[in-house]
Amino acid sequence: MMRRLSRLAPRSTSTERLAPRRTRAYNFASSQYNAAFGDLPPVDRDKLRKDAIAYCERFDAQKWYDDPVATCIAGKPVESGESGPTYDNFGRENGIVLHGDIDGLLDHLRDFDGVRDQRTSVRSVERALFTDHAAALIGNQTLDFGKQDGVTEIEEALEASEVERRLVDQLLDDEERGVLCIERAPVLVACVSNFSNFLDLSRKTLRNLECGIPVVVLSRTGSTTQYPYRWYQLLIEE
């Protein structure tokens, strides 16, 4: 004979009490979000490939020794600390890195107070990076990491960034209207080895800078240290 167990909690027949209360995350699955997609810019893959090959052919490997990877604060390298070699993806030495401390960087972040909307200046820099310097982005990545198809990565970055800029427009417009408040604590960008031009430079660094968010780009250790530092230099140059 089965013994009925006592109830552990009061029974409720109210669906309102049983169903968890949910709210949609900002912009997710909205018509506003959907409107950001489509109408992407054309990309001249042949020119990208031709220019990248020419860049690699005239590349001077001594440059990565004469201009070593270094800690930079507000765009200026900290020329101190012990030096050591950098290595490509096959463990072959290909340059020098200066190991600096981060005390000055932390002080800079504590005192940083930037402009909240940087779209105009950042997008001007972005146009230059992916037109005037596209060959260098692809070439440095190929020389340091051995990327087989850096052309497609730049193509994807150009297309995806068009969509992401529209989403940033929506975000900043909604902040202006009081719909939300953007947290502007410093963002740490840890560079990947295989998609740094797309993910780290475009999606992480440029998009955050557009919103007035300070960015700290972390150097890669072990191997493929050079090419992320070189896109950082191009960013500062522009």
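Predicted model: local features only at pLDDT ≥ 70, side-chain atom pairs only at ≥ 80, totals over all residues.

Reader: Where is G222 found, and is G222 buried or exposed?

Author: G222 lies in the loop that links strand 6 and helix 10. For accessibility, buried means under 20% relative accessible area, exposed over 50%, and partly exposed in between (1.4 Å probe, protein chains only). G222 therefore counts as exposed, at 60% relative accessibility. Across the chain of 238 residues, 38% count as buried.

Reader: Which residues other than glycine have a positive phi?

Author: T224 is buried because its relative accessible area is 1%. D39 also has a positive phi, near 55°, and is placed in the loop between helix 2 (31–34) and helix 3. D39 is exposed, since its relative accessible area is 70%.

Reader: In what sense do strand 3 and strand 4 pair?

Author: Two strands pair if DSSP finds at least two bridges between them. Strand 3 (residues 82–87) is antiparallel to strand 4, with six bridges, and E82 faces H99 of strand 4. Five residues separate the strands of this hairpin, and G91 takes a positive phi near 80° there.

Reader: How do strand 5 and strand 6 run?

Author: Strand 5 (residues 187–190) and strand 6 (residues 215–218) run parallel and are joined by four bridges; A190 is opposite L218 in strand 6. From strand 5 the chain passes through helix 9 (residues 196–210) to reach strand 6, in a right-handed β-α-β crossover. A crossover is right-handed if, with the strands pointing away from the viewer, the path from the first strand over the helix to the second runs clockwise.

Reader: On which side of helix 3 are the buried residues?

Author: An α-helix has 3.6 residues a turn, so residues three or four places apart point the same way. In helix 3, L48, A52 and Y55 are buried. They lie on the same side of helix 3 because they cover an arc of only 60° around the axis, the arc being that of the directions from the helix axis to the C-beta atoms. D46, K50, E57 and R58 are exposed on the other side. The buried residues of helix 3 pack against helix 7 and helix 8, where contact means heavy atoms within 4.5 Å.

Reader: Which residues have the most contacts inside the largest nonpolar core?

Author: In soluble globular proteins, nonpolar side chains tend to be buried together. A nonpolar core is a set of buried Ala, Val, Leu, Ile, Met, Phe, Trp, Tyr and Cys residues joined through side-chain atoms within 4.5 Å. The largest core here has 30 residues, and L129, F130, L137 and L201 have the most contacts inside it. Elements that give two or more residues to this core include helix 3 (45–58), strand 4 (93–99) and helix 8 (150–176). Leaving out residues up to four places away in sequence, F130 touches several residues, among them L137, I154, L201 and L206. A second, separate core has five residues, including V168, L172, C211 and I213.

Reader: What is E155 in contact with, leaving aside its neighbours within four places in sequence?

Author: E155, found in helix 8, is in contact with V43 and R45 when those neighbours are left aside. E155 is buried because its relative accessible area is 18%.

Terms used. Residues numbered from 1 in each chain as written. Heavy atoms only, no water.
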